[in-house]
Amino acid sequence: MAPPAPPDPNLVLLGEFGRAHGLNGEIRLKSYTGDPLAIAGYGPLMTSDNRTLTLSAVRTAPGSSPDILIARVKDIGSRSAAETLNRVALFIPRDRLAEPEDDDEVYAADLVGTTAVDEAGNVVGTVVAVPNYGGGDLLELKPATGGATALLPFTKAFVPVLDVPQRRVTVVLPEDFFAPVGEKPADDPG
């Protein structure tokens, strides 16, 4: 499932609350920051309904996913209060983020909505999300001709040029990238 879009283009998504954890107001938190625990260092965070929440403590949740945390939120002290935060996304204004240190470093939020072109400059689609399912970042592209989106590895081999100021990325697509999924072969065990 793709992360929620910010309610304002000047906001950047940092995380999203999940279900309550325990009885004392702790809650699960999916962090979208490079260092998941760093989400607690950004100070007050905004919600899409203009509330301000402050994380008072975070720790990595049990399990194998380092971006899932257990969080304490200031003034949330019961399970029922934590349950009201389920699916609430956390944002900060873009100007509170440091600028990327080099040309190959970008914020995922800056890629959403960019135009994807091939090496000849022909528009092939639009970046609609930058998911990461554990194997690295991907670009989810919606084809310019319409139809279903497709996922492209976000690597130099497939995305050789980023032009964030022009809101454009150059992509190298496999020949059948946007082809509809065909029928399974009869001998496919899956």
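A residue is called buried under 20% relative accessible area, exposed over 50%, and partly exposed in between, computed with a 1.4 Å probe and protein chains only. The model is predicted, so that local features need pLDDT of at least 70 and side-chain atom pairs count only at pLDDT 80 or more, while totals for chains, interfaces and linings use all residues. Residues are numbered from 1 along each chain as its sequence is written, and side-chain values use heavy atoms, leaving out hydrogens and water.

**Exercise 1.** Locate Asp 75 and decide whether Asp 75 is buried or exposed.

Solution. Begin with the backbone: Asp 75 has a positive phi of about 70°, although this residue is not a glycine. Most residues other than glycine have a negative phi. Finally, Asp 75 counts as exposed, because its relative accessibility is 74%.

**Exercise 2.** Find the aromatic pair in the structure and describe its geometry.

Solution. A search of the whole structure finds one aromatic pair, formed by Phe 177 and Phe 178, with 4.8 Å centre to centre and 70° between the planes. Rings of Phe, Tyr and Trp (its six-membered ring) pair if their centres lie within 6.5 Å, and planes under 30 degrees apart count as stacked, over 60 as edge-to-face and the rest as tilted; the pair is edge-to-face.
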